Amino acid sequence: MRSPARDPLHILAVVGAIMMTGCAPAPAASEPQSGVLAVDQVAGFWAMRGPDGVRCQVSLANLLIDGVRPVLAEVCAIPDAARAKSWRATADGFQMLAADGSVVMTFRRTGDDAFVSTPAGYTLTRAPI
């Protein structure tokens, strides 16, 4: 007699269930659960430039650490970006957050690989790695 645990259909059903639940990145606890940009549209390595020419390199993580998605600002002359410790997606862009969870900068999407901060006018474009 065949064990139900070794039945090919049972195995296929279990593998399918694992694949369906394990592929999408989990939303951060601080992110609304619907009506936001997909994390992979925001996560990545970015070049930030201010209206006055100041620059910053920003990495927005696609993974959760202690319930938040980390931000790393390098070679950064933009104080608000340097203060950011995490980020969360919004309906039309994303927000960078300080260690206490307060919003430091808000960005809206202007193109596939471009964002602009409101109201300060910093631009963010995807940078080569």
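**Reading a barrel and its rings**

A: Begin with one residue in this predicted model. Phe94 has a relative accessibility of 0%, so Phe94 counts as buried. The cut-off for buried is under 20% relative accessible area.

Q: Which strand holds Phe94, and which holds Phe107?
A: Phe94 sits in strand E5 (residues 93-97) and Phe107 in strand E6. Phe107 is buried too, because its relative accessible area is 1%.

Q: What overall arrangement do the strands make?
A: They form a closed barrel of 8 strands with antiparallel pairing, in the order E1-E2-E3-E4-E5-E6-E7-E8. From one strand to the next, the twist averages 30°.

Q: How many bridges join strand E6 and strand E7?
A: Strand E6 (residues 103-111) pairs with strand E7 (residues 114-118) over 5 bridges, in the antiparallel sense. As one example of partners across that pairing, Arg109 is bridged to Phe115 in E7.

Q: How should I read ring pairs, and how many aromatic pairs does a search of the whole structure find?
A: Two values are needed, the distance between ring centres and the angle between planes: planes under 30 degrees apart count as stacked, and those over 60 as edge-to-face. The search of the whole structure finds 4 aromatic pairs. In one of them, the ring centres of Phe94 and Phe107 are 4.8 Å apart and the planes meet at 10°, so this pair is stacked. Phe94 and Phe107 are 13 residues apart, and their pair links distant parts of the chain.

Q: Is the pair of Phe94 and Phe115 stacked or edge-to-face?
A: The pair is edge-to-face, with 5.1 Å from centre to centre and 85° between the planes. Because Phe94 belongs to strand E5 and Phe115 to strand E7, the pair ties together parts that are 21 residues apart in sequence. Phe115 has 1% relative accessibility and therefore counts as buried.

Q: Which residues do the ring pairs link into a cluster?
A: The cluster consists of Trp46, Trp87, Phe94, Phe107 and Phe115.

Q: What is Ser86 in contact with, leaving aside its neighbours within four places in sequence?
A: With those neighbours set aside, Ser86 contacts Val68, Arg69, Pro70 and Val71, and also Gln95, Met96 and Leu97.

Definitions and conventions:
Residues are numbered from 1 along each chain as its sequence is written. This is a predicted model: local features need pLDDT of at least 70, side-chain atom pairs count only at pLDDT 80 or more; totals for chains, interfaces and linings use all residues. Side-chain values use heavy atoms; hydrogens and water are left out. Two strands pair if DSSP finds at least two bridges between them. Helices (H or I, at least four residues) and strands (E, at least two) are DSSP runs, numbered from the N terminus. Axes are lines fitted to C-alpha atoms, for helices over the stretch in contact, and angles run from 0 to 180 degrees between N-to-C directions. Rings of Phe, Tyr and Trp (its six-membered ring) pair if their centres lie within 6.5 Å; planes under 30 degrees apart count as stacked, over 60 as edge-to-face and the rest as tilted. Buried means under 20% relative accessible area, exposed over 50%, partly exposed in between (1.4 Å probe, protein chains only). Contact means heavy atoms within 4.5 Å.
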